[in-house]
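Biologist: I'd like to learn how to read a ligand site and a helix. Could you walk me through an example?

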Amino acid sequence: MTNVKLSRPILLLVAGLLVLQIAVAQKSTPARAQAGRGVEHAIDSIIAGLTLQEKIGQLVQYTGGWSTGPTGEQTINQEQRAIIRAGGAGSLLNVTGAAETRALQRIAVEESRSRIPLIFGLDVIHGFKTTFPIPLAEAASWDPAAVELSARIGATEAASAGVHWTFAPMVDIARDPRWGRIAEGSGEDTYLGSVMGAARVRGFQGTRLDDPTSLVACVKHYAAYGAAEGGRDYNTVDMSEQTLRDVYLPPFKAALDAGAGTFMASFNEINGVASSGSRFLMTTVLRDEWKFDGFVVSDWGSIGELIPHGFAADPGQAAERAINAGLDMDMEARAFRDSLASLVKQKRVTVATIDEAVRRILRIKFRIGLFADPYRGTSVEREKNTLRHPSHIAAARNVARRSIVLLKNEHNLLPLTPGTGAIAVIGPLAQNKRDPVGTWAGPTDTNHVVTALEGIQEAAAGAMIMYTRGCGIDGNDTTGFAAAVNVARKADVVVMVMGESNDMSGEACCRSFIGLPGNQLDLIKAVQAVGKPIVLVLMNGRSLAISWEAANLPAIVESWHLGHETGHAIADVLFGAYAPTGRLPVTFPRVTGQVPLYYNHKNTGRPFNDTVHYTTRYLDVPSTPLYPFGFGLTYTTFAYSGLTIENAKLRTTDSLRVRVMVKNTGSRAGDEVVQMYVRDDVGTLTRPVRELKAFQRVHLAPGASANVTLAIPVSDLAYTGLDMKRTVEPGSFTVFVGANAAADLAAHCEVVAR
Ligand code: NOJ
């Protein structure tokens, strides 16, 4: 093929025409289709003008972070700049800052022959310079609007710093809290995970992908990465296709339906096929069934890891298996860069396959507006005015307090009365600015963290506040115990802030024991012996096994890792400026040995019964969880009554409509999250004991009641049968409605054949 040199004026003309077409296309579907065709034509002409090396360059992503730019930002070195100039890179990750990204983009669009803009990617997971709660905490809000807002602000900030693409949302279902990456997702449930994944995509991408405040989302890790055996990161996954389709894939589909532009292949294998070489995942399901037309990026080095998986003999075979399976961009394995040209020569990869991968990447570059403005309106000034804007900090405080879950509150110990008495604040996380940011807070400045102690001091200015650390997060140093006991003696109430460091969850941060680390429990026991009321505030990135604490302390507040506004949010809840509204997105086991323990398990032929020996249970621990999925208290109480199903005989095309009366039976206003679970009583294949299908928040004044209606299409009761098709089987269903996954208020309905 002859080389057509792409001139800048021609590229700009193509881009200009497209912008015009896209603007018109916002209005009508035919116009949108026409604009889509316009983009495809433009891509055709770009691809026609590229050399094979330039095409391969589009499929290669390099990391920054090798050098530091003039403003302290991570950037890349001279060698990488030369690669961009030569058209050898389609994307960079880990490069930020308006000045740096502009400088590098300028090389791509002015000094490279192809003049194709780079796409800059970054893990914008829970905020950028304003750090929000970790995703697991945000999922505990059960508030998609809050989660969407958090993602929107993260996008606005990161986009101002020249980022185009976030490697989020992470939608991996995680049923095993030993797995450290549970912190990055929405927990154990498929429905909640789908709702939250979609909310994050909407937040990141905004109403228009080409808006300069939007980031294109990358749904990850495709797929079933959270099902790693033993909760050990990167580990093997072996599961039925039904479980894959019914439990692990729906959040990916929900994110795609919300418009997600890209996917990231996962590190793990499933049933012997490494995901980064899985044609089934990346082509059969994603492209053929779901009609995804964006691109798939590998995880870091995951194409190269096909070799240790035993799925490829060398980098060449790894590249071949990956690209032929449908993987489009190589993050840092260098396998595409080093092997694709010779694979084409050897006819192991076709030019058409490479062209298709280039097309998918260019499509996203067009959609996010890079051909109209490769800089997407960034400037150092805009960046400065955007980062940590006061409205972002206020939103971070609000999302943080919505993420807190009240687990125990005996005799209404909480809320505390501000401004009176003596409060002892004890624990390794109380005056700690590093750990509350949680995992994936790379771009953050931890100096901005408001600690729990600072929050308490601010909210309870009139009280006497005594602080001591007591012990470390890890280790067995007991030298601080005496001081802790001493301040507890002088206090009216003790607040103990305990939990995990930020690097005890996240990638490669798995734990075999999920109780409080180090000697924290010993410290709690020593302080408890003093006899003062204790409020335990937990900071952690997973569910914890805290049986002793739950049995022996009067109040427990689960605050996760809440980000910059940690102390404000905790104090808002402790002193009652905010009544807790969070609910658990994960089951809390009694002991580590119970995991994986999740609410939507199968029943077995010997359902657990702690009084009957030959049932599915352990001898040494009750079968129930310590706190069930969906659980959370507030400063009032609620009663449920009058559950009715509007139409107890349903066709598959109907809606299932359920009504229940919820009453605030306490003396304060509060939010209840009304949850609806459904069990398919008998199936051709066995079904889980119950599955969350809908939830609705209701705010009630003391004594007030509300009639809450929850409705779902009957098609939501479908599951994957032996033929791998999702269908609703006629038969009886039990509907449970209540405050958590242990709800026992039930009603029955029947789905009849149409
Ligand atoms: C590896 C992680 O698994 C993935 O989640 C992340 O997006 C990439 N590294 C890039 O940082």
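Modeller: Gladly! Of the 13 residues around the ligand, Asp123, Arg181, Lys220, His221 and Asp299 come nearest, where near means having a heavy atom within 4 Å. This is a predicted model, in which local features need pLDDT of at least 70 and side-chain atom pairs count only at pLDDT 80 or more, while totals for chains, interfaces and linings use all residues. Residues are numbered from 1 along each chain as its sequence is written, and side-chain values use heavy atoms, leaving out hydrogens and water.

Biologist: Which side chains have an N or O atom 2.6 Å or 2.8 Å from a ligand oxygen?

Modeller: For polar contacts, look for N or O pairs within 3.5 Å; within protein, one must be able to donate a hydrogen and the other to accept it, and sequence neighbours count only if both atoms are side-chain atoms. Here arginine 181 lies 2.6 Å from a ligand oxygen, and lysine 220 lies 2.8 Å from one. A polar side-chain atom of aspartate 123 is 2.5 Å from a ligand oxygen.

Biologist: And how many residues of helix H8 are buried?

Modeller: Buried means under 20% relative accessible area (1.4 Å probe, protein chains only). In H8, 14 of the 16 residues are buried. Helices are DSSP runs (H or I, at least four residues), numbered from the N terminus; this one covers residues 190–205.

Biologist: What sits at the two ends of H8?

Modeller: At the start, a side-chain oxygen of aspartate 189 comes within 3.1 Å of the backbone nitrogen of tyrosine 191. Just after H8, glycine 206 has a positive phi of about 60°.

Methods. The expected span of a helix is 1.5 Å times one less than its number of residues. Buried means under 20% relative accessible area, exposed over 50%, partly exposed in between (1.4 Å probe, protein chains only).
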